[in-house]
Amino acid sequence: IGRHSLGWCRVVAPSMSAAICSARVLPGHLRHNGLRYHAIRSSSLLRAASTSSQTSASMSSASMSSSSQNGSSTNDENPLNAIKLWDEEAGDMTDEAMQVFERPGVYFVYAKDGHLQYIGLSRLVAGTLKAHAAQFGPGAAWSACIESLPEDEEATQEALQELWKATMLSHIQAGNAPPPGNGRGPGSWGRSLKIPKRPPLQLRRQAAELNAQSDAPTSTLIEAAVQSRSVVAFIKGTRAEPECGFSAQVVNLLDSCRADFDVVDVLDEVGNPPDLRDTLKEFTTWPTVPQVFASGEFLGGSDILTEMHASGLLVRVVASAGQQQEQQQQQQQAE
């Protein structure tokens, strides 16, 4: 058939020899026009059989077994291969789910009753699933499956969008309606995750917004920034174009948590004090950049944020910081 990843194929059904059927093939298992398809990654083999035949029954068993290994599915209900996300006793994501979803891909979210809620894409699916649970409750994001890009393909936004389009097309062509969370109304899951990306915060030029004087000492400007904003990341470069791998890692981690955060570019010596980098290191007694703050408290650099993200702590910390910021704004408006 060709590649073991996405591709178009034409199959003659055993019980419908005169009927030719086209389908978009995804790694995993999907149903289309009464046929059952299974793309096996290792051998690039496509098998098709009528759902009413004995061959189909054996294929269904093999398909569910293989799909449970890679966590992929396009079924609208009863996702037998979906992975439960939450450890109810620990109140956090299970170790199995973290291992499966700590990667980029297109994901399917199912409610506790087994109904598909949303098909989305993310560069770090685990963090996005936690954000869904924080927004809509664990019962709405109870289990999930994932479609990954081929190992030799870079997980760019464009590649993930193409995979999402192909996945959604296959889901609809299989006779399913779009998931409710993929609608355009107020209940849209995707809309709830969209956070405005502001330009970098410039401490000297925007000192008035921080309730500080433009000629104030650099340490005072840093203090004003971290106290007035919910989450602040001091990085090299901008949010759109980080200029070092560690800064890019911090941006990706915060983005995966759907954090509403501000970025200060320590390389910008026009909008910021020239001694910002050195003063920042003295301010936190931390020797490297990037550095991240939440609710005025210093969290750490990229290594610490990576550990916090893996444990599920980061998404809770940034969510709490956002809530505190919102409460403070409401109090100020009331006054």
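User: Let us take buried as under 20% relative accessible area, exposed as over 50% and partly exposed as in between (1.4 Å probe, protein chains only). Buried or exposed: which is F293?

Analyst: F293 counts as buried, because its relative accessibility is 2%. The model is a predicted one, in which local features need pLDDT of at least 70 and side-chain atom pairs count only at pLDDT 80 or more, while totals for chains, interfaces and linings use all residues. Residues are numbered from 1 along each chain as its sequence is written, and side-chain values use heavy atoms, with hydrogens and water left out.

User: And F234, buried or exposed?

Analyst: F234 is buried as well, since its relative accessibility is 0%.

User: How many aromatic pairs are there in the whole structure?

Analyst: The search finds five aromatic pairs. Rings of Phe, Tyr and Trp (its six-membered ring) pair if their centres lie within 6.5 Å; planes under 30 degrees apart are stacked, over 60 edge-to-face, and the rest tilted.

User: What is the geometry of F234 and F293?

Analyst: The F234–F293 pair is edge-to-face, because the ring planes stand at 75°, with the centres 5.7 Å apart.

User: Where do those two lie in the chain?

Analyst: F234 belongs to strand β12 (residues 231–235) and F293 to strand β14 (residues 291–294). The two residues are 59 apart, and their pair links distant parts of the chain. Strands (E, at least two residues) and helices (H or I, at least four) are DSSP runs numbered from the N terminus.

User: What about F283 and F293?

Analyst: Here the ring planes are at 55° and the centres 6.3 Å apart, so the F283–F293 pair is tilted. F283 sits in helix α8 (residues 276–284) and F293 in strand β14, so this pair ties together parts that are 10 residues apart in sequence.

User: How accessible is F283?

Analyst: F283 has a relative accessible area of 30%, so it is partly exposed. By contrast, F293 is buried.

User: Which residues form the aromatic cluster?

Analyst: One cluster is formed by F234, F283, W286, F293 and F298. Both pairs discussed above, F234 with F293 and F283 with F293, join members of that cluster.

User: New topic, charges over rings. What lies over the face of W142?

Analyst: K112 does, at 4.4 Å from the ring centre of W142. The criterion is that NZ of Lys or CZ of Arg is within 6 Å of the ring centre and within 35 degrees of the ring normal.

User: And which residue lies over F261?

Analyst: R239 lies over the face of F261, 3.8 Å from the ring centre.
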